[in-house]
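Take a walk through this structure, one part at a time. Keep the sequence beside you as you read.

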Amino acid sequence: MSDREPPTGPPGRADDVFARQGPRLFRIAYGMLGSATQAEDVVRDVRQHWQTTDRAVVADPQAYLTTATTRLSIRAAHSARLRRASYIGPWLPEPLDTDNDGTATAGTEPVEFDVLLMLEQLDLAERAAFVLRETLASPYSEVAAVLGIDEARARHLVHRARRHLATDRVTDRQDRDDTADQMREDDGAEDCEAA
């Protein structure tokens, strides 16, 4: 059964619980990693772990799966950053359009691409807090529980991430405007030389 197939069988079965949470878990992993392939790997790892977990001791499956996905995504992002440190050239995310139910469809929305690039500049705790809060509208109490911090710290991480992203957007917009101005000046100079 793939992560995208509907649940079958009686409600409450391990596969059914996971199938209902699968799209949400993919959105978390994708938001953290910027790569559909890596996100699918994380979700697959969480699924394997879930199937071997004693669910009798799991009070809240959604919280458990969210925490497992976020923490595995943080580890994967850290590992990916280490690999990219030795890579020559820019790293670019794989833009996807994740609709409201969390399923991924091919798409290259420029704003999403820019946000993925900017998210890469955040530290991993800020990125996780931001993805949980902004992408999934998780309450701060859940963000705090997932990251193993207090709620005030979770609020601070989200605030800091928003501030960094806002600053990066302003800088990026200024850079684009400067580039456009330079191109117009260059075109104007060429027109004068041609005359």
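A residue counts as buried under 20% relative accessible area, as exposed over 50%, and as partly exposed in between. The model shown here is predicted.

Start with His78, which lies in helix 3. Its relative accessible area is 45%, so His78 is partly exposed. Leu33 is 45 residues away from His78 along the chain, and the C-alpha atoms of the two are separated by 9.5 Å.

The largest nonpolar core has 35 residues. Which of them touch the most other members? They are Phe18, Leu25, Val46, Trp50, Leu65 and Leu147. At least two residues of this core come from each of helix 1 (14-33), helix 2 (36-51), helix 3 (61-85), helix 5, helix 6 (140-147) and helix 7 (151-194). Helix 1 gives the most, with ten residues. There is also a second, separate core of six residues. Met118, Leu122, Phe130 and Leu165 are among them.

Phe130 leads on to helix 5, where it is one of the buried residues.

Look next at the two ends of helix 5. At its start, Asp123 has a side-chain oxygen within 3.1 Å of the backbone nitrogen of Ala125. Just after helix 5 comes Ala137, with a positive phi of about 55°.

Last, check the length. Helix 5 covers residues 124-136, which makes 13 residues. At 1.5 Å a residue, helix 5 should span 18 Å. Its end C-alpha atoms are 17 Å apart, so the two values agree.

Definitions and conventions. Residues are numbered from 1 along each chain as its sequence is written. This is a predicted model: local features need pLDDT of at least 70, side-chain atom pairs count only at pLDDT 80 or more; totals for chains, interfaces and linings use all residues. Side-chain values use heavy atoms; hydrogens and water are left out. Helices (H or I, at least four residues) and strands (E, at least two) are DSSP runs, numbered from the N terminus. The expected span of a helix is 1.5 Å times one less than its number of residues. Buried means under 20% relative accessible area, exposed over 50%, partly exposed in between (1.4 Å probe, protein chains only). A polar contact is a pair of N or O atoms within 3.5 Å; within protein, one must be able to donate a hydrogen and the other to accept it, and residues adjacent in sequence count only if both atoms are side-chain atoms. A nonpolar core is a set of buried Ala, Val, Leu, Ile, Met, Phe, Trp, Tyr and Cys residues joined through side-chain atoms within 4.5 Å.
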